[in-house]
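Biologist: Let us go through this model and ask what backs each label.
Modeller: Fine. Ask away.

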Amino acid sequence: MRSIDADNARGRRSKSGGWNWPLTIILAVCTLTVLVPLYVTVVMAFKTTGQAIDGNAFSLPAPFSIEGFVKAWELTDFPRAFGVSVLVAAISVTGTILLASFAAYAISHNWQHRLFRWSFFYLLAAMFLPFPVLALSQVKLTGMVGLDNPIGVAILHIMFQLSFSVLLFTAFLRSIPGELEESARIDGASVGQVFWRLLFPLLAPMSATVGIFAFLASWNDYMMPALITADPALQTLPVLQQIFQSQFSNNYNVSFASYLMAMAPSIIVYVLTQRWVMSGVTQGAIK
């Protein structure tokens, strides 16, 4: 009987230690769908105009050229557009973290009250209302109050990120032992001191996760700034990429160079901070 159990245990270990080929193949295909377009974007960006239109998108540049980057820099007025995008993203990230953490703190500490529970469910329901559904009303409202500019776009980004962010913060806060706050209250700490000196530092992993999601959503957004911002000189980088869909459709090296410059910051931020995303979501789920 003991030998049978040992054989079963060895069988389970060998089975669990083997390759899951179907899952591996699916992951490999998904990886290629991302890496192949990224490879084409990079090599096309460093080609000359003649090389870019030769019909061979996978060939390496020979020689390497930064002609596309120079032209894209001038056509999009890259420093100005980059500054506008950074401004919108910075306001969106900061506002989302602060407002979501405030709301989550109030909800998690007053869950027994019906008003706060309903507020939480109301925020969750807002997750099912994407911007395209409310686009017309938002365009009219921002125009009426003078927020048809990057500041208005940043405020709307905060509002549309609030639901998901409050959900993450609330789950994390409800997992923190109440004894920590009780001990701080006994020592004479006020509500503000408890939040800023005790709880907010503990929220660092989740704050990083929320900030990264808010940054990626803000930086890559096209529809909201395109519809809200009235002044073309104050448009963000994703909106300005539209110029290459019509006027310069044959200058593939310029188009891809512009795309690469626009998406490079989001790729760099995600690569450098992806461990925060995984750790924050995992901690919130486990706790």
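Biologist: Where is the place of D77?
Modeller: This is a predicted model. In it, D77 sits in the loop between helix 4 and helix 5 (78-109).

Biologist: What is the phi of D77?
Modeller: Phi of D77 is near 50°. That is a positive value, and the residue is not glycine. Most residues other than glycine have a negative phi.

Biologist: Why is D77 called partly exposed?
Modeller: Its relative accessible area is 36%. Buried means under 20% and exposed means over 50%. The value for D77, 36%, falls in between, so D77 is partly exposed.

Biologist: What makes the pair R80 and D77 a salt bridge?
Modeller: The side chains meet at 3.0 Å, N to O. The cut-off is within 4 Å, so R80 and D77 qualify. R80 has 28% relative accessibility, so it counts as partly exposed.

Biologist: How many salt bridges does the rule give?
Modeller: The count comes to 2. One of them joins E67 and K71, at 3.2 Å, N to O. That is again within 4 Å, so the label holds.

Biologist: Where do E67 and K71 lie?
Modeller: Both are in helix 4 (residues 67-75). They are 4 residues apart, about one turn of the helix.

Biologist: Why do E67 and K71 count as partly exposed?
Modeller: E67 is at 27% relative accessibility. K71 is at 33%. Both values lie between 20% and 50%, so both residues count as partly exposed.

Biologist: Which residues does the cis peptide bond join?
Modeller: A62 and P63. Omega is about 0° there. P63 lies in the loop between helix 3 (49-52) and helix 4. Most peptide bonds are trans.

Biologist: Now the helix packing. At what angle do helix 6 and helix 8 pack?
Modeller: About 135°, with their axes 8 Å apart. Helix 6 covers residues 114-126 and helix 8 covers residues 150-173.

Conventions. Residues numbered from 1 in each chain as written. Predicted model: local features only at pLDDT ≥ 70, side-chain atom pairs only at ≥ 80, totals over all residues. Heavy atoms only, no water. Axes fitted to C-alpha atoms, helices over the stretch in contact; angles between N-to-C directions. Helix = DSSP H or I, 4+ residues; strand = E, 2+ residues; numbered from the N terminus. Buried < 20%, exposed > 50% of the residue type's maximum accessible area, 1.4 Å probe, protein only.
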